[in-house]
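The following note sets out comments on the model under review. The points are numbered so that each may be taken up separately.

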Amino acid sequence: MTTVMNHMERRQNPLPGVSPDSNVLLSAVADALGVEWLQRKDGNPLQELWARRDQLATAELLLLGEALQNLHPGNEAWFSDLKKKFRSSAPADRKGALFELLGLNLFSRAGQVVKPAAPGQQGYDGVIELQGKAAIWLSIKNWDASHAKSKAAQFATKVEQILTTFWRMTFSINRAVSG
């Protein structure tokens with residue numbers, strides 16, 4: 001006989017009296033990411049969210065659990081890549097992975113199947129297969145600063161510093177020569 005952990009214990013329930021089993025959704029998070037990892041205190045925002053017991057944290061975990069329950073089965077390679085990003089120390093990777101998971105889940109409804117794109121797929125993030133054989137190729141965009149944009153901004157700052165130094169030196173030399 002398997003004992004199921006009660007993940008709702010000592011949590012504030014944001015949905016009292018609502019029929020979905022909150023513990024099943026929290027178990028989807030625990031099973032997907034690992035209870036041991038979630039309970040560690042490595043400073044990862046998902047670990048901090050798991051440790052909180054307030055209604056907002058529980059509601060966010062329930063949304064995450066629903067998305068995992070809908071999209072994880074049958075998409076092991078995609079989820080493995082997503083899990084690495086969730087556990088990453090890079091905030092942009094974590095935010096992007098969470099945005100993709102929750103964004104794709106918005107389209108996970110009766111009568112349609114959402115299939116996440118393979119890890120590293122260029123151009124789209126998932127395919128929504130509708131009844132009647134129609135399909136929608138979906139690209140989800142997060143308009144936060146990307147890693148590439150951040151690197152470009154750092155490079156631009158270095159170039160600006162070099163040019164500023166160069167112009168100051170040139171100006172000083174010209175003043176000294178002409179003066």
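Is R109 buried, partly exposed or exposed, and what is its relative accessible area? R109 is partly exposed, and its relative accessible area is 41%. The points below place this residue in its setting; the model is a predicted one.

1. Overall composition. The protein chain contains seven helices and three strands. In sequence order these elements give the pattern α-α-α-α-α-α-β-β-β-α. The protein chain has 179 residues, of which 31% count as buried. Its exposed surface comes to about 12,000 Å², with 57% of that supplied by carbon and sulfur atoms. Among contacts in the protein chain with a separation of 6 or more, 48% are between residues 24 or more positions apart.

2. Salt bridge of R109 and E66. Five salt bridges are found when the whole structure is searched. One of them joins R109 to E66, with 4.0 Å between the closest N and O atoms. R109 belongs to the loop between α6 (91-105) and β1 (112-116), whereas E66 belongs to helix α4 (residues 55-71), so the pair ties together parts that are 43 residues apart in sequence. E66 is partly exposed, at 26% relative accessibility, and R109 is likewise partly exposed, at 41%.

3. Salt bridge of K85 and D81. A further salt bridge is formed by the side chains of K85 and D81, at 3.2 Å from N to O. Both residues lie in helix α5 (residues 76-86), and because they are four residues apart, about one helical turn separates them. K85 is partly exposed, with a relative accessible area of 29%, and D81 also counts as partly exposed, at 23%.

4. Salt bridge of D54 and R52. D54 and R52 form another salt bridge, in which the closest N and O atoms are 2.8 Å apart. The relative accessibility of D54 is 25%, so D54 counts as partly exposed. R52 is partly exposed as well, with a relative accessible area of 34%.

5. The sheet. The three strands make an open sheet in the order β1-β2-β3, and their pairing is antiparallel. The edge strands are β1 and β3 (135-138), each of which pairs on one side only. From one strand to the next, the twist averages 20°. As background, strands of a sheet pair through backbone hydrogen bonds, in either a parallel or an antiparallel manner.

6. Five bridges hold β1 and strand β2 (residues 126-130) in antiparallel pairing. Q112 is placed opposite L130 of β2, and the bridge partner of K115 in β2 is V127. Between β2 and β3, which also run antiparallel, there are four bridges. Which residue of β3 is the bridge partner of V127? That partner is W137.

7. The hairpin of β2 and β3. Four residues lie between the strands of this hairpin. Within the hairpin, G132 takes a positive phi near 85°.

8. P116 is a residue of strand β1. Is P116 buried or exposed? P116 is buried, with a relative accessible area of 11%. Apart from neighbours within four places in sequence, its contacts are N75, W78, L104, D125 and G126. The C-alpha atom of P116 is 9.3 Å from that of H72, although the two residues are 44 residues apart along the chain.

9. Nonpolar surface patch. F155, V159, L163, F166 and W167 make a nonpolar surface patch of about 540 Å². One of these residues, V159, is found in helix α7 (residues 147-178). V159 is partly exposed, with a relative accessible area of 32%.

Conventions:
Residues are numbered from 1 along each chain as its sequence is written. This is a predicted model: local features need pLDDT of at least 70, side-chain atom pairs count only at pLDDT 80 or more; totals for chains, interfaces and linings use all residues. Side-chain values use heavy atoms; hydrogens and water are left out. Buried means under 20% relative accessible area, exposed over 50%, partly exposed in between (1.4 Å probe, protein chains only). Helices (H or I, at least four residues) and strands (E, at least two) are DSSP runs, numbered from the N terminus. Two strands pair if DSSP finds at least two bridges between them. Axes are lines fitted to C-alpha atoms, for helices over the stretch in contact, and angles run from 0 to 180 degrees between N-to-C directions. Patches are made of residues with over 30% relative accessible area and no salt bridge: like charges are joined within 9 Å, nonpolar side chains (Val, Leu, Ile, Met, Phe, Trp, Tyr) within 5 Å. Accessible areas come from the Shrake-Rupley method with a 1.4 Å probe; for residues, only the protein chains shown count as cover. Contact means heavy atoms within 4.5 Å.
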